[in-house]
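Hi everyone, thanks for coming. Let's look at one protein together, and please keep the structure in view while I talk.

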Amino acid sequence: MNAQDGFRDRRAALAGGLSLLFVPRIAAAASPPEIVQPENPDPEAFMRRAFAARDEAVRAGDQSYGAVMVKAGRIVGWGPSRVIVDRDPTAHAEMQAVRDAARRLGTRDLSGCVIYATSRPCAMCETALYWAHAERIVHGAALTDVGAPRYPSC
């Protein structure tokens with residue numbers, strides 16, 4: 001697909017009343033990487049993977065945030081920040097991990113999942129985690145466990 005094809009797809013989608021969020025991007029991102037499980041599935045290993053996602057985001061020219069979603073001791077979602085690269089203000093690392101986990105698990109219900117993020121999630125991300133029914137949020141190198149996501153009032 002070239003840039004002109006992407007433009008035509010978007011224009012046709014808008015004419016049909018569809019949101020741009022559901023139209024393929026001009027330069028579609030590669031499929032998510034195959035997730036390599038840590039040898040010792042413990043909180044430190046999961047946080048190291050979140051920091052690896054952060055490093056990937058920085059290498060790609062994006063903000064320095066990363067996150068992974070874990071369920072039953074397995075990483076099910078991977079999230080380097082893509083805000084700058086995708087020109088998408090909602091592509092925070094935590095949102096990327098939620099989207100990836102939902103896609104891989106085939107459900108929007110992420111009950112039993114724990115997110116490991118390089119920093120405390122913002123209100124948008126915490127709200128998304130709340131609506132996805134994530135179990136807990138763990139952030140930062142100190143492995144700060146803030147418990148279940150809350151629905152913050154704005």
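What you see is a predicted model, where local features need pLDDT of at least 70, side-chain atom pairs count only at pLDDT 80 or more, and totals for chains, interfaces and linings use all residues. Residues are numbered from 1 along each chain as its sequence is written, and side-chain values use heavy atoms, with hydrogens and water left out.

Now the overview. The protein chain has four helices and five strands; helices (H or I, at least four residues) and strands (E, at least two) are DSSP runs, numbered from the N terminus. Reading from the N terminus, the order is α-α-β-β-α-β-α-β-β. Of the 154 residues in the chain, 37% are buried.

Next, the aromatic rings. Rings of Phe, Tyr and Trp (its six-membered ring) pair if their centres lie within 6.5 Å; planes under 30 degrees apart count as stacked, over 60 as edge-to-face, and the rest as tilted. The whole structure contains four such aromatic pairs. One of them is tilted: Phe46 with Tyr116, 5.3 Å centre to centre, with 45 degrees between the planes. Phe46 belongs to helix α2 (residues 43-59) and Tyr116 to strand β3, so this pair links distant parts of the chain, 70 residues apart. Both Phe46 and Tyr116 are buried.

Trp131 and Tyr151 make an edge-to-face pair, at 5.4 Å centre to centre and 75 degrees between the planes. Because Trp131 sits in helix α4 and Tyr151 in the segment after β5 (144-147), the pair ties together parts 20 residues apart in sequence. Is Trp131 buried, exposed or partly exposed? Its relative accessibility is 49%, so Trp131 counts as partly exposed.

Among the buried residues of α3 are Ala93, Met95, Val98 and Ala101. The buried residues of α3 pack against β1, β2 (74-80), β3 and α4. Gly106 follows α3, and its phi is positive, near 75 degrees.

Last stop: Ser111, in the loop between α3 (93-105) and β3 (113-117). Ser111 has a relative accessible area of 34%, so it is partly exposed. Leaving out residues up to four places away in sequence, Ser111 touches Lys71, Ala132 and His133. Lys71 is 40 residues from Ser111 along the chain, and their C-alpha atoms are separated by 8.5 Å.

How values were computed
Buried means under 20% relative accessible area, exposed over 50%, partly exposed in between (1.4 Å probe, protein chains only). Contact means heavy atoms within 4.5 Å.
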